[in-house]
Structures are given as C-alpha cells and as structure tokens.
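Hello,

Here is the structure I said I would pass on to you. Please have a look at it first, and then read on for what turned up.

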Amino acid sequence: METFNSDIFEFARIKLINNNKMISALNLFAEQIAKMNGFSETEIIKIQLVIEETALNIIENSFDEGESGFYEIAFERKPNQLIIAFEDKGLPYELSKFEKHDDSALRLLLMRAFADEIHFHNLGKQGKRIELHINIPHKNIEHYISEPIKVLERDVPKDERPVELMMMTKEMAIELAACVYRTYGYTYISDYIYYPEKIIELLESELLRSCVAINSDGELVAHLGLNFLSKDSKVGETGQAVVDPRYRGRGLFETMKKYLAELETERGSYGFYSESVSIHPYTQKGNISLGAKETGILLGYIPETLFFKKINENEQSQRQSAILYYMKVSQEPNREVYLPGEHADMIKEIYESIGLSRNFNHEKSTDFQDNNSIIDMIIRPEWSQAFLVVKSIGKDFTEMISSKVKDIKNRKIDCIYIDLHLSDQSTPETVKKIEQHGFFFAGIIPELYNGDILRMQYLNNSVIGKESIITVSDLGKKLLDYVFDDMKKISIV
C-alpha cells in the first residue's frame with residue numbers, strides 16, 4: 001500500500017487572471033492532480049465540474065464588471081482528502097448574493113453535491129478562501145481478503161483466552177478492518193475504519209493513535225482509537241471502540257482506555273474527550289469508572305441510521321443523543337476564562353467536577369473587533385451535522401452567523417453546533433447573539449483548540465424526547481435537566 005506521512009501540505013498552487021477562458025487550462029491541470037491521487041475518470045469529471053463552477057462564482061461575484069484581477073488555486077493533501085482551495089482578494093463573499101441569482105444558486109448546489117465538505121473562510125485583509133474537500137478513493141476490506149468474513153452472531157460462544165494490549169501499527173490495518181466487519185458488518189458509521197489505507201494515513205500522520213487487544217493466535221479482537229485535530233493537539237477524542245462479540249463482558253473498553261491514558265500522560269497530553277451514547281448505560285459507566293466526568297449533552301448527535309449491532313435488537317427510530325465526557329490525564333495550564341452570566345454556575349460546576357485550574361473572569365467586552373469575523377464551517381453529511389468554529393469575533397459577526405446558519409438550515413442538516421472560545425472576552429456577549437438564532441447550551445470541551453470551548457446547539461426540525469436519554473450520575477441528570485430547560489427557554493424567547 002502507498003502511505004501518506006503528513007498532517008496537511010500544499011503541493012501545487014497556480015495563479016489565474018479572472019477570465020473564463022483560463023478555466024479549461026485549470027481543469028487540465030486538475031485532471032493530472034486527480035489521476036495522481038487515484039480518482040477514476042467519472043470522479044475526475046465531477047471534480048472538474050465543481051472546479052469550473054467554483055471558479056465561475058469567484059469571477060462573477062468577487063470582481064466588479066470589467067475589473068481585472070487574479071485568484072489563486074491551491075491543491076493540498078491531508079489524510080484521506082484532496083483539498084482544492086480558491087483564494088482571492090476581491091469583494092467579500094456573501095451567501096445571499098449566490099442565492100439571489102439562479103445561475104449562482106445552481107452552481108452552489110453543484111459544489112455541495114460533488115464535494116464531500118465545503119469550508120468557507122473570511123481572511124480579513126487577506127481576502128477569502130473557499131475549500132472543496134474531496135475524499136480520496138481507497139479500497140475497502142473486501143479487496144484484501146480471499147474469503148468472505150463472517151459477521152458474528154449475538155449469541156456467539158465467549159472466548160476466555162487471555163489478550164495482550166499494545167499500540168496499533170500500520171501492519172494491523174487490514175486486521176482491524178476485518179475485526180470491525182466481524183463485529184458490525186457494514187453498519188458502523190465511521191466508514192474509514194473499513195479501509196486499511198485510510199487507517200494507515202491517519203496513523204502515519206499522527207492524527208490517530210490506537211490501542212488494540214491481540215489474542216494468543218495473534219488475532220486482533222478489540223480496538224480503541226484516540227483521534228486528534230492535529231498532531232500537536234494536547235487532547236484527543238476517543239472513538240472507534242470495537243470489541244469482538246466473543247470478548248465482550250471482560251471490561252476491555254475500560255482496560256484499553258486506561259492503557260491509552262498512561263501512555264498519553266507520558267507524551268504530555270492533557271486529557272481525552274468523548275461522546276457516549278445515551279440509549280444505554282454501558283459506556284457511560286465505563287467512562288465514570290475511569291474518572292471521566294460529564295461536560296455536556298448533545299441532543300440528537302447520533303443519526304438514526306447508526307445501528308448498535310449486538311447491543312440493541314431494533315434499529316433506532318430517531319436521532320439519539322450523546323453525553324460529552326472529559327477525562328483528565330495530566331495537569332493542564334492555568335487559564336483565564338470568560339463565562340456568560342446565564343451559564344456561569346453550570347460551567348463552574350463542570351470545571352469543579354473535572355478538577356481543572358481556571359480563573360473565572362466575569363468582565364465582558366461589548367466592543368467587537370473592527371476586523372472581519374473568522375468562522376470555519378464544517379459539514380458532516382453522513383451524520384447530518386454542521387459545526388461553526390468561531391475563531392475571531394468582529395463587527396460583522398451577526399450578519400455572518402445569520403448567513404451561515406441560513407445556509408446550513410437550507411441544506412436540511414439536522415443538528416448545528418457553534419464552538420466559542422471561553423478565553424475570548426467577547427464570548428459572553430456573543431452567546432446572547434447566538435441565542436437569538438435559537439441556539440441553547442450544549443456543554444464545554446476543555447483544551448479542544450489550545451483552550452476551552454463553549455458549545456451551543458440548534459435542532460433543525462428534529463424533535464428529541466427527554467425520556468429517551470439515559471444518564472447514570474447525579475451530574476449527568478443535572479446537565480440533562482439544564483439543557484432541556486435552556487432549550488425550552490430559548491424557544492419561548
């Protein structure tokens with residue numbers, strides 16, 4: 001297998017005058033890039049179409065009629081994705097402008113259809129950037145095996161043989177994919193885990209560090225992944241917890257998480273966060289037994305298509321919620337945080353429960369920066385989720401957040417989340433603006449972006465019943481009441 005050993009890098013950049021005639025040359029160049037990354041002829045045609053439509057949007061909307069100017073296209077590679085980024089210093093990007101013109105609206109729809117993710121970035125004086133994220137094609141587990149893998153049944157006999165824990169290596173990628181298929185068939189929603197090459201890219205880029213359990217025959221029978229936003233991140237998200245049905249009931253989830261915690265303490269990580277399902281208590285109890293504490297509740301976080309095979313008999317009939325947990329593994333920096341008044345007491349209780357060192361500042365700023373706001377928008381179509389990550393708050397924040405929320409709602413995304421830095425003194429006032437759009441409290445995630453974030457949430461025509469959510473601790477029950485009370489309060493306002 002070819003491997004990829006980097007977090008993200010730019011390998012080509014070209015500069016074009018804002019003339020439609022240059023787009024054909026751009027597409028010839030893009031064709032070669034796509035071939036290098038393994039795309040088929042059909043996929044290449046789609047890539048060329050989305051490039052053409054994006055370029056036309058920039059030419060027609062970023063420059064005044066008759067104005068001569070330039071825009072740049074960067075081709076970048078990150079684990080499992082090709083990124084095609086368009087940058088220009090023309091007129092500010094406004095989604096409403098696209099929606100008012102039939103041609104532009106059609107092009108935006110084509111961009112959404114052919115790109116796996118679209119990111120919009122306002123760069124202030126540096127202009128703007130539109131990123132098209134396109135998943136690299138890889139072969140799934142069926143390509144690497146000579147005989148079909150049998151999906152194990154619910155009542156499979158238990159295997160009492162001892163297992164050995166170790167850190168996963170890239171040579172185990174095929175065996176991990178086989179273990180996932182044995183356990184879940186093709187129902188596990190983290191689809192990359194069925195593709196050995198995708199697993200290898202994440203391991204080599206250090207965005208994934210995994211613990212596995214190996215039996216006496218050398219067979220991989222359990223896995224717990226620790227995922228990082230970047231290789232320098234100090235907190236990771238635990239996920240891809242898979243235990244072969246023959247080895248369930250032995251506490252392997254807790255054992256593997258403790259194993260990872262010991263190793264990450266040595267590496268200087270601060271802690272782990274995770275989203276535990278709320279339809280059963282197993283993973284919640286496992287987290288609590290290891291010292292993890294609840295930090296929030298994400299209503300409707302898990303789509304109804306995610307089927308927990310071997311745990312619940314019937315497929316879910318509605319979106320399920322998740323409990324946010326944080327597990328501290330070593331001492332983090334002492335940080336100053338600005339708490340929104342209406343949520344201050346709840347956030348303080350969460351901090352106290354975790355045992356984090358924080359200085360609470362109740363001073364607030366009502367003066368936003370003169371620069372443009374910087375808000376990253378990330379769409380996860382397979383989960384019907386959208387994340388707005390607020391990096392900088394400027395005077396245009398209200399207008400920008402209105403445009404982005406409208407765009408996401410029009411895409412029929414079920415759940416929208418906004419992440420705000422608690423180290424930003426503008427955050428308390430910003431929360432009030434966000435609440436006007438119907439967002440309510442979700443929780444906090446410590447040290448997610450080199451500091452703590454406050455997450456707010458919005459349900460787009462999704463109805464979540466409180467009675468469907470199981471919580472197993474007093475703090476969990478208090479958070480559940482708090483989130484639903486805040487949702488009710490926001491809906492009345």
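Before the findings, one term: a residue counts as exposed when its relative accessible area is over 50%, as buried when it is under 20%, and as partly exposed in between. Please also keep in mind that this is a predicted model.

As for the helix itself, seven of the nine residues of α11 (residues 427–435) are buried, so the rest of the structure largely encloses it.

Two strands are worth a look next. In β4 (residues 117–122), six of the six residues are buried. In a regular strand, side chains alternate between the two faces of the sheet. On one side of β4 you will find Glu-117, His-119 and His-121, on the other Ile-118, Phe-120 and Asn-122, and both faces are covered. Its antiparallel partner is β5 (residues 128–135), joined over six bridges, with Phe-120 opposite Ile-130.

Strand β11 (residues 293–302) is largely enclosed by the rest of the structure too, because nine of its 10 residues are buried. It pairs with β12 (residues 320–328) in the antiparallel sense, over six bridges, and Ile-297 faces Ile-323 there.

Now to the charges. The structure contains 32 salt bridges. Here are three of them:

- Arg-161 and Asp-217 have their closest N and O atoms 2.6 Å apart. This pair links distant parts of the chain, 56 residues apart: Arg-161 is in the loop between β5 and β6, and Asp-217 in the loop between β7 and β8. Arg-161 is partly exposed at 26%, while Asp-217 is exposed at 61%.
- Glu-332 and Arg-358 meet at 3.8 Å, N to O. They too connect distant parts of the chain, with Glu-332 in the loop between β12 and β13 and Arg-358 in strand β14, 26 residues apart. Glu-332 is buried at 5% relative accessibility, and Arg-358 is buried at 9%.
- Asp-486 and Lys-489 come to 3.3 Å between their closest N and O atoms. Both lie in helix α12, three residues or about one turn apart. Asp-486 is buried at 4%, whereas Lys-489 is partly exposed at 39%.

There is also a network of salt bridges that links Glu-10, Arg-13, Glu-72, Glu-76, Glu-87, Arg-129 and Glu-131.

How many aromatic pairs does a search of the whole structure find? The count is seven. Tyr-301, Trp-383, Phe-387 and Tyr-417 make up one aromatic cluster, and the charged end of Arg-455 sits over the ring of Tyr-417, 5.8 Å from its centre. Elsewhere, Lys-234 lies over the face of Tyr-270, 6.0 Å from the ring centre.

Finally, the surface: Ile-17, Met-22 and Phe-70 form a nonpolar patch with about 250 Å² of accessible area together. Ile-17 sits in strand β1 and is partly exposed at 33%.

Enjoy exploring!

Note on methods. Residues are numbered from 1 along each chain as its sequence is written. This is a predicted model: local features need pLDDT of at least 70, side-chain atom pairs count only at pLDDT 80 or more; totals for chains, interfaces and linings use all residues. Side-chain values use heavy atoms; hydrogens and water are left out. Patches are made of residues with over 30% relative accessible area and no salt bridge: like charges are joined within 9 Å, nonpolar side chains (Val, Leu, Ile, Met, Phe, Trp, Tyr) within 5 Å. Accessible areas come from the Shrake-Rupley method with a 1.4 Å probe; for residues, only the protein chains shown count as cover. A salt bridge is a side-chain nitrogen of Lys or Arg within 4 Å of a carboxyl oxygen of Asp or Glu. Helices (H or I, at least four residues) and strands (E, at least two) are DSSP runs, numbered from the N terminus. Buried means under 20% relative accessible area, exposed over 50%, partly exposed in between (1.4 Å probe, protein chains only). Rings of Phe, Tyr and Trp (its six-membered ring) pair if their centres lie within 6.5 Å; planes under 30 degrees apart count as stacked, over 60 as edge-to-face and the rest as tilted. A charge sits over a ring if NZ of Lys or CZ of Arg is within 6 Å of the ring centre and within 35 degrees of the ring normal. Two strands pair if DSSP finds at least two bridges between them.
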